[in-house]
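Thank you all for coming. I would like to walk you through one chain this morning, so please have the sequence and the model open as I speak.

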Amino acid sequence: MQYQPQPIAGQPPQLSLFEGLIARSLAPFASVTSTPIPQPADDRLSEMTLSGSGDHCRLLLAPILREFSEATDTRWLTLIAPPAALSQSWLREAGLNRDRILLLQARETQATLELACKALMSGCSHTVITWFPRLDKASRLKLCVAAAQGNAQSLNIRLG
């Protein structure tokens, strides 16, 4: 017995995935085009939360950062004010491509958010990673706009 959704007044009936593709004459697995599809500003910022011991968090973080450091995009992977545990030696031991990573620390006169926005807007980085414990709506908007201007991605990692 299959589940059949009940129609809701005022809304078109829900089609299954394949019925919808057939109705629109779309190929389900179309080949990827060579021209990049512009992303809305909302898709430029991602957040990830890691909790647990510091060693465990670094163990989970290493392959993610390694993947970013070996991206086909030749621009920088920029880390803004990373935790002290993510030192130059740890990055090397984790197998990251150090030639493609830029580590930036905020100065007293420059806020970390401002530095992240400048790095995103410059267009020199494919991904800018920050470690803000919490992002308010205004900060999220600033990062999204800056990332869109620089055609970059912003990733905020919250350590719990």
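Predicted model: local features only at pLDDT ≥ 70, side-chain atom pairs only at ≥ 80, totals over all residues.

Let me begin with the overall layout. The chain holds 5 helices and 5 strands, and, read from the N terminus on, its elements run α-β-α-β-α-β-α-β-α-β.

Now to the sheet itself. In general, the strands of a sheet pair through backbone hydrogen bonds, either parallel or antiparallel. Here we have an open sheet of 5 strands in the order E1-E5-E4-E2-E3, and the pairing is parallel. At its edges lie strand E1, residues 45-50, and strand E3, residues 101-104, each of which pairs on one side only. From one strand to the next, the twist averages 20°.

Which helix lies across E1, E2, E3, E4 and E5? That is helix H2, residues 54-69, which runs at about 155° to E1.

Let me finish with the chain as a whole. Among contacts between residues at least 6 apart in sequence, 77% join residues at least 24 apart. Buried residues make up 31% of the 160 residues, while the accessible surface comes to about 10900 Å², with 57% of that belonging to carbon and sulfur atoms.

Technical notes. Residues numbered from 1 in each chain as written. Heavy atoms only, no water. Pairing = 2+ DSSP bridges. Helix = DSSP H or I, 4+ residues; strand = E, 2+ residues; numbered from the N terminus. Axes fitted to C-alpha atoms, helices over the stretch in contact; angles between N-to-C directions. Contact = heavy atoms within 4.5 Å. Buried < 20%, exposed > 50% of the residue type's maximum accessible area, 1.4 Å probe, protein only. Areas by Shrake-Rupley, 256 points an atom, 1.4 Å probe, with all protein chains shown as cover.
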